[in-house]
Amino acid sequence: MIDKDKFKTYNEVFDNHTLRLLFELSSKGYFDDLISKIKVGKESNIFIATKGNEKVIVKIYLLNTSNFNKMKEYLLEDKRYSNLSNRKRQIVFTWASREFRNLNKMKTANMNSPRPIYQKENILIMQMIGENQAAPPLKDYWPLNPDDFFLKLIEEIKIMYQEAKIIHADLSGFNVLNFNEEPYIIDVSQSLSIDSANATDYLIRDVENINLIYKKITKKEFDIRNVLNYIVGKTKELKFNKI
Ligand SMILES: Nc1ncnc2c1ncn2[C@@H]1O[C@H](COP(=O)(O)OP(=O)(O)O)[C@@H](O)[C@H]1O
Ligand SMILES: [Mg+2]
């Protein structure tokens, strides 16, 4: 029997569509219970959920991200506006499915990244990085050996580029987790194919952002040009530090 009160605590947080979908996915066994909220964002809410003895991450993309959207949603429940509804939701669903596809590409390239488990509409279920609790983001948990950590991170970005063939496009201390001194790249709904327009600009920005954290931690800097050439395969030699 489905426990109708299971997600009652979240009635305030979620729209009806999301509540129904949570019921559906949990009754199909993708997860048991939402147990804690990691982050409430403007675009998504992140929960830890139990699944048997394991924990998984449930990422819920918000369908109504502001009051304006909320109002629109009320309108959209009116059948006359159903086209509008479909279009708007479809954008969010596509955003979620893009993250799922990108995570798949990353896993296929054997990257340190969450294994995607399932995605339907605006809900994505993926492996939790961490043991018992979610691994902390790099911004909160600096590596003990920064050179080693950042070297590994650059390797990951290189594999992401050369094998998964995507550019993160929002790389930061929030979107790199430090799990037992290993970098794990997450949050890839915005990540784009390397042959997209402006791909190079995004890659440069990603490397510059990573350099900023590196600089904050070590007071040293990357040789950005060399790091970029290394990532795209123009050089096999990573010099890493600016002299
Ligand atoms: N698979 C995961 N394992 C562990 N922690 C995660 C995972 N996915 C997300 N998180 C945590 O939730 C936060 C927000 O997730 P993220 O995917 O970056 O969403 P947003 O798009 O809101 O930034 C991350 O900074 C991280 O702390
Ligand atoms: Mg993020």
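**Ground rules.** I'm looking at a predicted model, where local features need pLDDT of at least 70, side-chain atom pairs count only at pLDDT 80 or more, and totals for chains, interfaces and linings use all residues. Residues are numbered from 1 along each chain as written, chains are lettered from A and ligands numbered from 1 in written order, and side-chain values use heavy atoms, without hydrogens or water.

**Who is around the ligand?** I found 17 residues surrounding ligand 1 (a heavy atom within 4 Å). Lys 39, Lys 59, Gln 127, Ile 129 and Asp 187 are the closest. I sorted the shell into 11 nonpolar, three polar and three charged residues (Ala, Val, Leu, Ile, Met, Phe, Trp, Tyr, Cys and Pro are nonpolar; Asp, Glu, Lys and Arg charged; the others, Gly among them, polar).

**Which domains contribute?** Domain 1 (8–131) and domain 2 (135–232) each give the shell at least three residues; the bounds come from an automatic or database assignment.

**Polar contacts** (N or O pairs within 3.5 Å). I looked up Lys 59 and found a polar side-chain atom 2.8 Å from an oxygen atom of ligand 1. For Phe 174, a polar backbone atom is 3.0 Å from a ligand 1 oxygen. In Asp 187, a side-chain N or O atom lies 2.8 Å from an oxygen atom of ligand 1.

Terms used:
Polar contact = N/O pair within 3.5 Å; in protein donor to acceptor, adjacent residues only side chain to side chain.
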